[in-house]
Structures are given as C-alpha cells and as structure tokens.
Amino acid sequence: MAVRPQEEFDPDYGPSGARDKEAEPEFHPYHHPAAGWGAAKSVTRFLAREQEAIAGPHAILKMNHEDGGFDCPGCAWPDDMKGLHLDICENGIKHVAWEMTHKRVDREFFAAHTVSELSRWSEFDLENQGRLTEPMSYDPDTDKYVPISWQEAFELVGRTLRELDDPNQAAYYTSGRLGNEATFLYQLLARELGTNNLPDCSNMCHEASGRALQAAIGTGKGTADLVDWETTDALFILGVNAASNAPRMLTALVEASKRGAQIVHINPLVEAAARRAIIPHDFAQMATFHATPTSTLNLQPRIGGDMALLRGMSKVVLEEARSDPKAIDDEFIERHTSGFDDYRVLCEHTSWTEIERQSGVEVADIRKAARIYGDADRSIISWCLGVTQHEQGVDTVREIVNLLLLRGNLGREGAGPSPVRGHSNVQGNRTCGIDHRPTTEFLDRMAQVCEFDPPREHGLDTVSAIDAMHAGKVKVFVGMGGNFASAAPDTAYTVDALRRCDLTVQVSTKLNRSHLVHGARAVILPCLGRTEKDEQRGGIQETSVEDSMSMVHLSRGMRKPASPHLMSEPAIIAGIARAALPDSATPWQYYIEDYDRIRDTMAHVLDGFEDFNRRVRLPLGFRIRQPARELVFLTPSGRAEFSTAALPDLTRDPGQLTLTTMRSHDQWNTTIYSDSDRYRGVKNLRTLIFMNAEDMRERGLEQFDEVDITSIARDGSTRSVHNYKVIPYAIPLGCAAGYMPEMNVLCAIGDYSTQSDQPIMKNLTVTVQRSNRLSDK
C-alpha cells in the first residue's frame, strides 16, 4: 500500500481507504429473501467478531422496549405499536454491538500513532479501534492527540468562541444522533452566542421533503403513522432500499402483503426488499424457510425519473375521471385544495412521449401502477433519498402530494405521505430547534421563555458552512456526532475547508475521519452512547427521541459506560456553554442535574410538546400533532396546494451517465462494517461502479475491469476516481451507481439543488472509461 502524507487527499485512496488486498472481489447476484437466515448468520458472525456474543444479545433484548429500554441508535423507523419485544433488525443489532465493543482508543493508542499515520487508515480500521475514553487535544509539535482535562477542553472551546469577532464565525453541526434534550440545549447554546449557523444532516438528506411538504400541506413532516401502514390498501415505495436503510420496514411490508395490500416499489435498482422477505422474529417462517412476497409491481425509472412517472400516474387518474366520477375525490378537492384546475391542464398537456422519455418507464407499466392506485381506497406514498437528493427533489415530493390529493389520500386512516428518515432522531433534531432558517414564531417563544434575544438572520446550512470555512469566514466548527469530513460532498474541498479552521471540535463515541481532518487546534470530546447509563445528580437520566412518524418516546441506557471519563451530550453542551457564556442567565448546570428540567422548558417553547414530561412517559410516548392529518393546512391559502412544476430534462450528452451514490448493506451512514454487500451479491469490494451491461459493452468493458470515473460539475469542473471495478447490474440504460462515502468526492460543492440546497448526490453526470493508470495492488 502506498504511503501518502496527511496533506494530500487522494480520491484514489478514498475516504474509506483500501480493502484487504489479499481478498479477491466476488460478485454473485443475490436471489434469496431479504432478512431471514442470511441476516441471522450475519448477526451471529458480527457479534462474535465484536466479542459481544454474551452481552450483545442481552442488550438487544432491551432495544426499542417501552419499559426501561433504549432506542435503537440506527434508523428512525417507528417502534411496533403492539409492543413487540423483538422489534429489531440486522443493522440495528450491528449498530448496537459496534457501540458496545470492548475495544478502546485511549491515551496509549494516541501516543503510539501520529495523525498523519492514522490519516492513511481506512474508515473501517479507524472505527474498529473501539470507543474513545477521554478528552484529547491535538498537539501540532508531535502531530498527535494528547490528553486534556474536561475543564481545560471546555475553557479552550469557550474562550475561542468568546473571542470571535462575530458569532457567525462559528458553525454548529449535528449528525442527527442527539436526543431531543441535547438538541434543545445545543441550539440554545448557538443562539445565545448569537448565531443561527446550525447546519445538520437534514441539509444533505430530507431538506427537500420538509420544504415540499411545508409548501404543499403546511407541515414539514409526513402525516402517515404505523397504524396507517397497517391498514392501507396500497403502498408505493420510492427511492428506498428498505432492507438496508430501514430494515424494520420489512415487517410492515410482509404484514401488508399477507393481508392483501398492493405494494409497488419504484427504484432504479430492484433491491432485495422489493422481492420477498423472511422476518427473523417470525419463527414459523424461519423454521419453514417460507418467504413472503413484498411487492406487487417493481418499476425501474431512470435516475431522477420519479417525477415524470408520478405525473404519468396522475395523467391516468385524470383520464379515468372523464368516464368514472369516482376516479378522483371531487368533494375533497373542492373543499380542501387549491390549484387543481391548473394541475389538471398541466397533466393533459404533458405528452406521453415526454413522460416516457423522462421517466425511462414504458407507458404500459405506468398505467399498471396507476391502476393499482386507482383501485385502492386508501394509499400511502413513501420515499427516501432516492427522491430528495436531486435538483428537482422539492418538485418531486410535491408531485407525490399532487397524486395523493387527487383521490383524497390525506387526513384519513391508511393514507398520506410518509417520508422515511434514515437516522434515529434526525427528525427530532429539526423539531427541537436545529434549523438554520428558524421561524419567527419559534424565535419569539424562545425569547419569551429563555429570556434572551435570539438572532433573527438566517444561518448557514451544510453546503454554505463548508464554503464559509473554505473562505475563512467560519473559524470554529463544532461537530455534534457523525463524521462530517466523510459524509459531506466534494470531499477534497470539505477536507481543505476544515483544515482552514482555527478550531475544530468533535463530540464522538468512536474514532473517525473527521478527527484527523482538523483545524489549527482540535479537541475530541468523547460522549456516552445510546446504550449506556447516563447518571447525573438527579439519578439515571432518560432522553427522548422522535421517530420518522412523529412519535416521541424515552430512551434509557442500561450498560456501564465504556469509560468513567465519558460525559453525556447534554453535559458536554452545558460545559461548553458555561465556559463560552460566563454571564448567561440560562441555568445550564441545573438542567444537567435532571433532564426533566430541560423538558419543562421545552414544553413551553416547542409546539406539540405541552405537558412533555407526563406525555413522554405514557406507553409508547406520544405523537406530535400534525394539523394536515386533521385537514388543517397551515398554508397561505389555508388549503392543500397542488404544484404545477415543469418536468426536468434528464437527458445526457452522448457518452455520459447519471450516477447515484448509495450505501452498501454492511454499512450505516459512513460507518463501514465490512467490504461486502450481501443483498447486491458483492464481496470484498467497495471501490466499484454498477453499470447496465449494454453501457459496459459500448465501452468495451467486462466484469471487474478497472475504470476511471469522472464527474462533470455544473461549472464545468471535473473530479475523478481511478481504478474502480465495474460490475454489470440490472440498472436502467444510461444510469450507474456506487457507494458513498467513496464517491462523495465526485459531487462538487456547487452541485446542490437550487430548490432545497441539498447536494445532488443521487444525480451526478459522469463519464466512465478504462483506467489508464496502475492500481496500487
């Protein structure tokens, strides 16, 4: 393996590093059910590897329990409403075991390794070293992290923040793993310091969903809940790889299939969850190897073609309405919507030729999906990043709402829009104040309850924060969880931006890339994990989280902390606040002694959190009120709004492909568990590109040939990765796919949606050609 200095970021090497060069890559198309015995075997091997064969199963039995358990730190899928005690999945178990590892990254580890050396390690190798144990500070003289006391760390951070010329010279990022109480304190800290610079992972994933739903129905969240999923007649799943990204959704899909609901999957790749599944806690299925179909119909639009496909479905529904008055819900449309006539004209004037060209799906197949929708009394449309990380992400989500409105699929059981949030409590972060564009109403309540004047000017989102760091306008970066350097777009640019900071602060559980891509000064502040006991003066504390369907419930850690020197995230935030705001009237230490006190304040500031402490202790917690579910639309017109956006032109120049980034199955966000992807049949390989076999033939390529991939940004600039292996896959002609974070380098910082400001990581223009340089085998 070639050795590269820390200062050089080489996209060939990639942010997740090289795989084991001794293991040859393999590809065998996957034809087995999702989950089932494959998941069981994978979990068993993983627990053995992490030396958690005894403690792991015990902790797992407490995960997602309403009685004294902790919330899974993985995905945000809701807990089973019937109190199922095995409401778990393969990735959730891996996530918990990864956190509970016995391995430790202590002062001896840092004394033995320079940052330059660690920078050459892979993402897997960094996190695989184990849990961080005490605060560390970067020493530029030795190029090593050295121990620092908590008080010294707080004073360093606090003094630096106090001495900034402008509070907007700091940015406060969160990955979404924070509990609601820590989230509230974090945004309170930033705003009391005088800034709304609160970029978060939503800026990179579901920002388009929030903006679209807010414009269409007056709420930034979906209206469907788990009961709706259990009673709907038809499910339409767009841009979601459920088996990997929201594995507990498999249970809902299997149960829907068993009761006769129709399930349509719309995705450029037909993923394992879109075929059939065996739910591991269904012992009868496991014993008999009996798999349940999880789809009625699979449609494969070209990347970004969802909007045209949805427009085609609406066109069919409106055509049917000419002869069948029941095809649309005239009463609902008249009483509760605005803009229907314009939308009907738009659909009529959009030709089938254009719909077929832009969607990449034949008209006959679009009609099949529309027929399923038209025959269903109640329908849910669900989506994830395959819909949002595009230039037209907002328009596409609004097209989803258009289709739902035609048949009154809103405000009644078994119907509605249902975005799938990928990370536990990412939705709660936004609810509890992590928003660079806060509403006037929220700031007014904050001012009244917390007795200070919060800043009113909008702050920086993720892309603009990176730009500001790169330009020297943001000098301090605080990362609350996550792995910002690897998760963000345009990796080389982001790395350079972070290194231009005066101070970088990372609050983390495990070592990752972002600790090695640091400012002139840097501190690592190790925090408790979701599984660990959080003991404060008032006793063992609980934190609350919000799932992707707006249910808020408590999470209580049950394990001894990995180190006696760890602090909870609320305590870390309060420690920074006391040092940065010595004259603050906010009772920071009082809050940390008992988190009920934080919740009492939250109850007066946040809509829907009234009587918070009592309601969150109810069985399964409580659901935040969704006005649109009650047909109360907080839009300017007071009605649900039809959208009339034009279809985007998705055609590419000859020789170009549209590339989407995605996760492998054995991965959670930027955490890599292995170099394999069971559900796509890949083993021992991450630096790859999936391509249509015809596109490969045009370029004279065969399986495992090494290729160079070059992205072409809007401004004409290019970025390349080299010596990636090509794999033929069932993906539409002109489309390709590869893994993040390795391919994040290809997404230019300027390639973000003008509708949502999200990086368009699912819609990159690339060229692929045989490699012309030697690999480092």
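**The second largest pocket**

Mentor: Three helices, α9 (207-217), α21 (426-431) and α22 (440-450), each give at least two residues to the lining of the second largest pocket. The model is predicted. The lining counts 33 residues in all. Nearest the centre of the pocket lie Gln214, Thr219, Gly220, Lys221 and Thr439. By class, 14 lining residues are polar, 11 are charged and eight are nonpolar. The pocket holds about 1100 Å³ of space.

Now the confidence. Mean pLDDT over the chain is 91, and 92% of residues reach 70 or more. Residues 1-19 fall below 50. That stretch still has 50 contacts in the model beyond near neighbours in sequence.

Next, some backbone checks elsewhere. Aspartate 490 has a positive phi, near 45°, though it is not a glycine. Aspartate 490 sits in the loop between α24 (484-487) and α25 (491-499). Its relative accessibility is 3%, so aspartate 490 counts as buried. Aspartate 143 also has a positive phi, about 60°. Its loop runs between β5 (136-139) and β6 (144-147). Aspartate 143 is buried too, at 13% relative accessible area. A cis peptide bond joins methionine 740 to proline 741, with omega about 5°. Proline 741 lies in the loop between β32 (735-739) and β33 (764-770).

Helix α14 (residues 306-321) has 16 residues; at 1.5 Å a residue it should span 22 Å. Its end C-alpha atoms are 23 Å apart, which agrees. Of those 16 residues, 14 are buried, so α14 is largely enclosed by the rest of the structure.

Notes
Residues are numbered from 1 along each chain as its sequence is written. This is a predicted model: local features need pLDDT of at least 70, side-chain atom pairs count only at pLDDT 80 or more; totals for chains, interfaces and linings use all residues. Side-chain values use heavy atoms; hydrogens and water are left out. Helices (H or I, at least four residues) and strands (E, at least two) are DSSP runs, numbered from the N terminus. The expected span of a helix is 1.5 Å times one less than its number of residues. Buried means under 20% relative accessible area, exposed over 50%, partly exposed in between (1.4 Å probe, protein chains only). On a 1 Å grid over the protein atoms alone, a cavity is a set of points where a 1.4 Å probe fits but cannot get out, and a pocket is an open set with protein on both sides within 12 Å along at least five of seven lines; lining residues have an atom within 4 Å of a point. Grid points are joined across faces, edges and corners, and a volume is the space filled by probe spheres set on the points. Ala, Val, Leu, Ile, Met, Phe, Trp, Tyr, Cys and Pro count as nonpolar, Asp, Glu, Lys and Arg as charged, and the others, Gly among them, as polar. pLDDT is the predictor's confidence in each residue, from 0 to 100. Contact means heavy atoms within 4.5 Å.
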